[in-house]
Structure formats: C-alpha cells, structure tokens
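We will go stop by stop.

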Amino acid sequence: MRDKGDHYEYVVVYVDDLLYAGKDASGFWGEVKNMGYKLKGVGPPTYHLGATFERTVKPESVLTWGPVRYIQKILEQYERIFGEPIKNSRRIHAPLEPGDHPELDVSELCNDSDKAKYMSLVGCLQWAFSLGRINIGVAVMTMSRFHVNPRVGHLERVKRIFTYLKHYKNTSIKFNTEIPDYSYFNQQWSDPVRGALYGDGCDVYDDPRIPDPKGKPIVMTTYVDANLLHDYVTGRSCTGIIHLFNKTVMDWYSKLQNNVETATYGSEFTALRTAIDQIHDLRYTA
C-alpha cells in the first residue's frame, strides 16, 4: 500500500502472483522493472487465482469476476472421475432439493473409492465458493460435514451440485461502484449500548493506525440471516452473511452456528453477532 496523495496504490501479493490497483499501472510496472525484476503476463487482469476477469458489453459495460474457467475445469474433472458426462436430462434450479436434510440420510456408506471421489469433489466445490459462487454456499457447507464418512445418498447430492453448476457455469460477480440510495430510511439511528459503554460522541473506529480515507466514498451494506434447525440431528442453525461495498459483493459467509438455539429469535441474534464482528474487521480492512 502506498500513499499517492489523492488515493492509495495497492499491490496484492500471492506467492509470485501480483495484482496492482491504482491509477498509473504502466508507471508502477515500470518501477518494478527498473528494480531488476522480470515480469510476464503484464496487462489488464484476465485470470487470477482461479477466477476470470471479463468486461461485458451488453446490456452494459461492466467488469465481472468469477470462477468461469475453474468451473469448466472441475466439470471436466468430474467426468474423468466418473468416466461419464454429467447427466443433462432436466434443468436443476437449486444446488440441493428444497427442504432436503442430508443428515437424515440412511443409505449405505460409500466404499473407499467413492469416499475419495467425494472428498475430491467437495474440495473443488469449497474453492468455487471461495471464488465467488455464493449460490452454492449453503449446499457446499452442508455436504462438507460428511466428507469423512459419506453415504451413497450424500454422493448423489454432490453430483446434483455439479449438475447445477453445469447449467449455471458462467455466473460471476459484477463490480458496481454506484453508491446505494438509502434515503428512504428516515429513522434516526442510535446505539444506546455504545453510548452507555463509551460515552456520547465516541467513535469505536477512532484508531490512529487507520489510514486517512481517500478516493471515492464507500457505503457498506450487510445482509444477514439464519436458518433455524438447519441440522435436524444436532439442532444447530445456519448463518448466512453477504457484505457489499457500494453495490459490489465483497465478502460472504455460510456456516453452522456453534450453539443450539430453539427459537428464531436466538439464532438470528447469533448470526447478527457474527455479522457485526465481520463488519468491524472489514471496516479496518477497507
């Protein structure tokens, strides 16, 4: 990170992969080259850590990011593992059947060969979720719980997720920097808990370590929800969270809650606390 006066320049580093964000890409890469480093593949990002960058033309010109090439790769891997193409007999509109509870499956256990296939496929799906396939998050989280000792029915459900991906393999996230309009919220929000703990006018983000804000403003939006009794065996609920910077999805989360709640009220507050912790983290990161 480097201060450039009216904005910050960033270099995202992963081993030997670099991603530059700033206003003068050619100048930055020129600096790096003058330092004696040999660069290859320099230019606008097209593929980074398994995800594809593309700029659409119709219906609008917008930059998108998603694991399009990675999804195609794991679909081909699926066909190599099972020696047959993914069945395409009917269109599937959800990763798992609505109302399905895999934890109640009583089919026979998978043999060692199918268990290895299951673990490999679930690993691929977990990375796809990390790369922006938010629409399979709950399904992948649900099926990941059985990777140690899956049943035949669990393997069939994972196959269904791959069938779903085949039908929706080009899904990506759009980068939309437009600021959302929340003017229809007329309430004057207040935080009596913070006021009681810290006093009026105290900003919990008044930290001298935080750099001065520069560039265009960002409005953070967080959607959080809980699915009560997601797991009928353990009684645990599921938390789902999506964070947006302006109108771009920036972070996502789907996980079973650690505690058991018997009412929606409790599970919603458990999910909300997790979301608040993540918001604090993102405020420092942004």
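Begin with a term for the whole tour: a residue is buried under 20% relative accessible area, exposed over 50%, and partly exposed in between, using a 1.4 Å probe and protein chains only. This is a predicted model, so local features need pLDDT of at least 70 and side-chain atom pairs count only at pLDDT 80 or more, while totals for chains, interfaces and linings use all residues. Residues are numbered from 1 along each chain as its sequence is written, and side-chain values use heavy atoms, with hydrogens and water left out.

**Stop 1: the whole chain**

Show the chain as a cartoon. It has seven helices and ten strands. Helices (H or I, at least four residues) and strands (E, at least two) are DSSP runs, numbered from the N terminus. The C-alpha trace spans about 65 × 55 × 35 Å along its principal axes. Of the 286 residues, 34% are buried.

**Stop 2: salt bridges**

Side chains of opposite charge can pair when their charged atoms come close. Here a salt bridge means a side-chain nitrogen of Lys or Arg within 4 Å of a carboxyl oxygen of Asp or Glu. The whole structure has eleven.

Select Asp-6 and Lys-23. Their closest N and O atoms are 3.2 Å apart. Asp-6 sits in the loop between β1 (2-3) and β2 (8-14), and Lys-23 in the loop between β3 (17-21) and α1 (25-34), so this pair ties together parts 17 residues apart in sequence. Are the two residues buried or exposed? Asp-6 is partly exposed, at 47% relative accessibility. Lys-23 is exposed, at 60%.

Next, select Arg-157 and Asp-105. They form a salt bridge at 2.7 Å, N to O. Arg-157 belongs to helix α5 (residues 152-167) and Asp-105 to the loop between α2 (68-82) and α3 (112-130), so the pair ties together parts 52 residues apart in sequence. Both residues are buried.

Now pick Asp-114 and Lys-117. Their salt bridge is 3.9 Å, N to O. Both lie in helix α3, three residues apart, about one turn of the helix. Lys-117 is partly exposed, at 22% relative accessibility.

Finally, select Arg-2, Glu-9 and Glu-31. A network of salt bridges links them.

**Stop 3: an open sheet**

Colour β4, β5, β6 and β7. These four strands form an open sheet in that order, with antiparallel pairing. β4 (47-48) and β7 (173-174) stand at the edges with a single partner strand each, so one side of each has no neighbour in the sheet. Two strands pair if DSSP finds at least two bridges between them. β4 and β5 (residues 51-56) pair over two bridges. Zoom in on Tyr-47: it stands opposite Thr-52 in β5.

**Stop 4: the largest nonpolar core**

A nonpolar core is a set of buried Ala, Val, Leu, Ile, Met, Phe, Trp, Tyr and Cys residues joined through side-chain atoms within 4.5 Å. Which residues have the most contacts inside the largest one? Select Leu-125, Ile-136, Val-158, Phe-162 and Leu-165. This core has 34 residues. β5, α2, α3, α4 and α5 each give two or more. The largest share, seven residues, comes from α3.
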